[in-house]
Amino acid sequence: MKILIVTGMEGAENCAAALTKMLELECEAANGRKAALSALKRNEYAAIVVDESIIGANPAGPAGSDPIWENAGLAIPLQVNFALSGVQRLAREIRMALNRRERERALSHQAAAAAIETELRSTVAGLLLHSQLAMQDRQIPAPLAEKMRLVANLAGNLRQQLASQPTPQLRA
């Protein structure tokens, strides 16, 4: 994971080096918008920290947004006033943003798992119900009835296995 620091202020490299030590993540400095866009084309970043003066100095692109944000990919966008923020505060903001992203990722995985489990339970219940209804039909041939019993048994076993598993709970 890398962090991109975008500012036009002198000492950006020193700031990136200090943040690298504090965060134990590689931090790269980009001196201005052009350098930032070039860096975004070369690498992926976990977060992009942009000085407010860089964003405020550029007229919005055709879609009304800044080209840095448009090219950020999955990086967490942070807009900070470097003139008012020290390295400690930047490190804290970046840590909080990375932690927030990790919580969001974990919650989305839990939500996806819960949705898949709900769908699976519903499908198994449908299989079980329809196979049991089909077995009640006296007009089906014996070999087919045996296969339907097998499907019903398999669906019943799967339903028991699903019932023994705790349902994933979403935690904030």
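Modeller: Arg 149 is partly exposed, with a relative accessibility of 39%; here buried means under 20% relative accessible area, exposed over 50%, and partly exposed in between (1.4 Å probe, protein chains only). The model is a predicted one, in which local features need pLDDT of at least 70 and side-chain atom pairs count only at pLDDT 80 or more, while totals for chains, interfaces and linings use all residues. Residues are numbered from 1 along each chain as its sequence is written, and side-chain values use heavy atoms, with hydrogens and water left out.

The partner of Arg 149 is Glu 146, and their side chains form a salt bridge at 3.4 Å, N to O. The term denotes a side-chain nitrogen of Lys or Arg within 4 Å of a carboxyl oxygen of Asp or Glu. Side chains of opposite charge can pair when their charged atoms come close. Glu 146 and Arg 149 both belong to helix H6 (residues 142-164) and, being 3 residues apart, are separated by about one helical turn. Helices (H or I, at least four residues) and strands (E, at least two) are DSSP runs, numbered from the N terminus. Glu 146 is also partly exposed, at 46% relative accessible area.

The structure holds 8 salt bridges. One of them joins Glu 28 to Arg 42, with 3.4 Å between the closest N and O atoms. This pair connects distant parts of the chain, 14 residues apart: Glu 28 is in strand S2 (residues 26-31) and Arg 42 in helix H2 (residues 33-42). Glu 28 is buried, at 17% relative accessible area, whereas Arg 42 is exposed, at 53%. Both residues also take part in a network of salt bridges with Lys 2 and Glu 26.

Asp 66 sits in the loop between helix H3 (52-56) and helix H4 (67-70), so its bridge to Arg 33 in H2 ties together parts that are 33 residues apart in sequence. Arg 33 is buried, at 18% relative accessible area, and Asp 66 is buried as well, at 7%.

Arg 33 is one of the buried residues of H2, along with Ala 36, Leu 37, Ala 39 and Leu 40. These residues lie on the same side of H2, because they cover an arc of only 160 degrees around the axis, taken from the directions from the helix axis to the C-beta atoms. On the other side of H2, the exposed residues are Lys 34, Lys 41 and Arg 42.
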